[in-house]
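I opened the notebook for a first pass over this structure. I note below what I looked up, in the order I did it.

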Amino acid sequence: GESGKSRLPTDIKPNCEIKKGPIGSAPGDIAFSQDYARAYVTAGGDSLVVIDAFSFFRLRAIPLGLAPGHVAATADVVFVTHPSVDSVSVVSIASNAIVRRLAVAGAPDAVVASPTRAFVAARTANRIAVLSSNGSAGSIALAGSPRQLAIARTSALPASISTPAAL
């Protein structure tokens, strides 16, 4: 590889074994750090597991205290949605601790991230919440309920939405 550049491991297999302890019960959503060195996996009823993406070692489990939904990572923080309680946990990558919880009305669910911001589908509020590590940075109003989000390296933000059936 080229010096100073990270690469996505090519030997990840769907049922790979984590080498230092189990991920936990009911592993769920997964997100990679911006440099692909760490994987963040929601697990059990209330935790976020940090895994070294190159060696498959489980580094730690971070208790969230709430049932996790989906997860995405910026360069500095990891965002974990909690749809049942209208909030998003912000976890510091440096300290591996929750640094704040943000109130996001509308059952925040799907989440994607750029290096500096997260975009959260607020399903019942018909909007996409725009978050930074310091809090809310605004929102994008939609004509329907956002279901799935994706983000391109160009920062384009495609979203699938559900709209009420025409009468």
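I began with burial: buried means under 20% relative accessible area, exposed over 50%, and partly exposed in between, with a 1.4 Å probe and protein chains only. I worked on a predicted model, where local features need pLDDT of at least 70, side-chain atom pairs count only at pLDDT 80 or more, and totals for chains, interfaces and linings use all residues. I kept the numbering from 1 along each chain as its sequence is written, with side-chain values on heavy atoms and hydrogens and water left out.

**Entry: whole chain.** I found that 39% of the 167 residues in the protein are buried. I then took the accessible surface, by the Shrake-Rupley method with a 1.4 Å probe; for residues, only the protein chains shown count as cover. The surface is about 8800 Å², and carbon and sulfur atoms hold 53% of it. I listed secondary structure from DSSP runs, numbered from the N terminus (helices: H or I, at least four residues; strands: E, at least two). The protein has 14 strands and zero helices. I checked contacts next, meaning heavy atoms within 4.5 Å. Of the contacts between residues at least 6 apart in sequence, 34% join residues at least 24 apart.

**Entry: a sheet.** I looked up strand pairing, which takes at least two DSSP bridges between two strands. Four strands make an open antiparallel sheet, in the order β5-β6-β7-β8. β5 (71-73) and β8 (98-103) are the edges; each has a single partner strand, so one side of each has no neighbour in the sheet. Neighbouring strands here are turned by 20° against each other on average, direction ignored. For such angles, axes are lines fitted to C-alpha atoms (for helices, over the stretch in contact), and angles run from 0 to 180 degrees between N-to-C directions. I followed β5 to β6 (residues 77-82) and found three antiparallel bridges. Ala 72 has Phe 79 in β6 as its bridge partner.

**Entry: Ser 47.** Is Ser 47 buried or exposed? Its relative accessibility is 16%, so Ser 47 counts as buried. I placed Ser 47 in strand β3 (residues 47-52). Beyond its neighbours within four places in sequence, Ser 47 contacts Val 41, Thr 42, Ile 62, Pro 63, Leu 64 and Pro 68.

**Entry: aromatic rings.** I paired rings of Phe, Tyr and Trp (its six-membered ring) with centres within 6.5 Å; planes under 30 degrees apart are stacked, over 60 edge-to-face, the rest tilted. I counted one aromatic pair. The ring centres of Phe 32 and Tyr 36 are 6.3 Å apart and the planes stand at 55°, so this pair is tilted. Phe 32 is partly exposed at 26% relative accessibility, and Tyr 36 is partly exposed at 27%.
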